[in-house]
Amino acid sequence: MAVALSLPSPPSPARRRRPLPGPQRASRQRLRSALIEARPVPAAKTKGGGSAGRGHYAMELAVETQAPAAASTAPLSIISTDRTVDMQAEVRALARAANATVYSPQVLAAKYASQPLRVLLRMMEIITALGTFALKLSVDQRRGQLDQRKRQRAVELTKTLTRLGPTFVKIGQGLSTRPDICPPEYLEELAELQQDALPTFPNEEAFACIERELGMPLDSLYSAISAEPIAAASLGQVYKAQLKCSGQVVAIKVQRPGIEEAIGLDFYLLRGIGFLINKYVDFISTNAVALIDEFAKRVYQELNYVQEGQNARRFKKLYADKKEVLVPDIYWDYTSAKVLTMDWVNGVKLSEQEAIEKQGLKMLDLVNVGVQCSLRQLLEYGFFHADPHPGNLLATPEGKLAFIDFGMMSETPEEARSAIIGHVVHMVNRDYDAMARDYYALNFLTCDVDVSPIVPALRNFFDDALNSTVSELNFKTIVDGLGNVLYQYPFNVPAYYALILRSLTVLEGLALYADPNFKVLAASYPYFAKRLLTDPNPYLRDALIDLLFKDGRFRWNRLENLLVQGRKDKDFTTKEALQPVLKLLLGPDGEELRVLLVKEAVCVTEAIVLGTMIDAYKSIPDFMKGLINNGNTSGPFKLSDGEQARMLELRDRVLRIWSLLRSSDDFDPSLLQPILQVLEEPEARNLGGRVFGGITQRLAARLLQQVLRYPTTTAVPR
């Protein structure tokens, strides 16, 4: 982590001065000629054999982090002072961004309604560009040349989207991570939109923007700066520089001039299309205007680099505690609405599998880190990175996954987080009635809508999709299936949910790029298991009960699977898993569970006792077996082969679960002590007696049956 720097406050606007043209040019030339001693890494080769050129540096866009300060050994007064200085710098950055533009449909409507000619020209530009491309595809299809010209058309589409501007570049970025939608040729070409190698704007404009925004000459801020942009994305371009104050190597993102105008006009047009969809397209029940407004709001937030800096800080605080995750720090005294300065991180884009593996790293390990971190974002704290395309995810030489570019973020409401996990549990259980009711908690349906007609539609889709296990399903399969249901009924999908779908589908597309057989849902199991076992949330508590109990019987196999999967999450602890379960079991609302516990305790005890006796009998010599049974070689236990196998399976499973608990590094038998304490409480005073009585009766019945040689009819549950 970089140390916060304290710099002199930038001059107030009244005191700011522009350097004279001559000295200004000389100053910039000195900086450019310095070019930072830490020169850029040579460009890597692309799959096609050519150099990735400037675009490769987007993959390097991550920090040559200086050795971290020994914060743990620093005096508390120094730490407090650093935090105070950092907060003061952030306040100054907020003041510089006070007039940043925010998304307002009303302001855009008032502005462009008076410019019909400009609107018409832009609309014609979009229609002409995309229409021409569609016409070429149609001609190729008629001539039977669709396959032969895929590469050529993919190149043309990439150039077309680039010419149309930032809005369409983002659309292309999304398509480039969906191998289930686009052919390989299109994926490779559209991936160029994520190489941060888009057309640049002049350095003079960028440097003037830095000086204007920060209120100081360039040579007062940096001891060196790269002669050309290291990367150029849709909203801005990036330079590599060295701070004059500290020598820290940083990345400086400078916003494109006129970007607000270009994006504003596009969203004005898209919003008009959204109105037409809402009015005339019946099979789309989702509010298209609301979705466009949500997306536009996020893009406008990307234009405010101070907001992006705050997003990065919040993201770092919530998620960078995992050692596999890296988040660059922000330098507030060098940040404004149009200039963002952050740590420089050395890394390789997550889409560059060959380059990653050359460093001795495993692509799928990094993808798994991304999956777990994304689930944590979506379902634990609710603050998530809504644009995790490969240009924003880097693999560092140390094997960390670095998140950069925090312009597009969103939040999941707390109630929805638990409802999503519960929805997965109900899907696993094929409890379609509960799945339908989940849509109330997800705000897909209002409480006055009857969900009973939705249940058959869910059953028809999932009974077919779940022929295999849930872990073998792709996320897209579920999205498509639920999409068909959504179109048939009065669903109103919240705008934030669209960003969740986008985030997960992009991540799945990235995973499929690395391994066509990769299953995001299977990789998600450890996180879901940990949440179900450790979260005391009432909604998740009910979901856990639904998962573990069926028709009054306990599913030991699922508990074992949950523990096995939960242990794959490095943050999982037995203490966290046991405490919510014990609290639920021993609480005032746990009587129903206590009844089930008595029944299961009887069955488990019987399985352990008889199973041990069976094993002991099998281990003695054959001549002794004859003596014990008076010549009856069938054995002393009148159990069918099937019942004996089920009993031994239950015993072995319970012993494996106990072994899983005990093998945990943080296991403490004292955690079970509350069970003894609760036996003294009035409402559970007879719990121990009930368990003991049930075990005694069960074993006595077994013994009597053996003595009288009556066939047993008691079945041991699975």
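A residue is buried when its relative accessible area is under 20%, exposed when over 50%, and partly exposed in between (1.4 Å probe, protein chains only). By that rule, 50% of the 718 residues of this protein count as buried. The model is predicted, so local features need pLDDT of at least 70 and side-chain atom pairs count only at pLDDT 80 or more, while totals for chains, interfaces and linings use all residues. Residues are numbered from 1 along each chain as its sequence is written, and side-chain values use heavy atoms, with hydrogens and water left out.

**Overall build**

- The protein has 29 helices and 13 strands. Both are DSSP runs numbered from the N terminus: helices are H or I with at least four residues, and strands are E with at least two.
- Residues 24 or more positions apart account for 73% of them.
- The protein exposes about 34,300 Å², and carbon and sulfur atoms supply 57% of that area. Accessible areas come from the Shrake-Rupley method with a 1.4 Å probe; for residues, only the protein chains shown count as cover.

**Salt bridges**

- Side chains of opposite charge can pair when their charged atoms come close. A salt bridge here is a side-chain nitrogen of Lys or Arg within 4 Å of a carboxyl oxygen of Asp or Glu.
- The structure holds 20 salt bridges.
- One of them joins the side chains of Asp86 and Arg313, at 2.5 Å from N to O. Asp86 sits in helix 3 (residues 76-96) and Arg313 in helix 13 (residues 305-319), so this pair ties together parts that are 227 residues apart in sequence. Asp86 is buried, at 12% relative accessible area.
- Glu261 and Lys111 also meet through their side chains, at 2.2 Å from N to O. Glu261 belongs to helix 11 (residues 259-280) and Lys111 to helix 4 (residues 105-112), so the pair ties together parts that are 150 residues apart in sequence. Glu261 is partly exposed at 30% relative accessibility, and Lys111 is partly exposed at 31%.
- Lys358 and Glu354 form a salt bridge of 3.8 Å, N to O. Both lie in helix 14 (residues 353-358), four residues apart, about one turn of the helix. An α-helix has 3.6 residues a turn, so residues three or four places apart point the same way. Lys358 is exposed at 68% relative accessibility, and Glu354 is exposed at 56%.
- A network of salt bridges links Lys136, Asp140, Arg149, Arg153 and Glu156.

**Helix 9**

- Helix 9 (residues 203-214) has twelve residues. From its first C-alpha to its last, helix 9 reaches 16 Å, close to the 16 Å expected at 1.5 Å a residue. The expected span is 1.5 Å times one less than the number of residues.
- Helix 9 is mostly covered, with nine of its twelve residues buried. Among them are Phe207, Cys209, Ile210 and Leu214, along with Glu211 and Glu213.

**A nonpolar surface patch**

- Leu117, Leu120, Leu121, Met123, Met124 and Ile127 make a nonpolar surface patch of about 590 Å².
- Patch residues have over 30% relative accessible area and no salt bridge; like charges are joined within 9 Å, and nonpolar side chains (Val, Leu, Ile, Met, Phe, Trp, Tyr) within 5 Å.
- Leu117 lies in helix 5 (residues 116-142). Leu117 is exposed, with a relative accessible area of 59%.

Key: Contact = heavy atoms within 4.5 Å.
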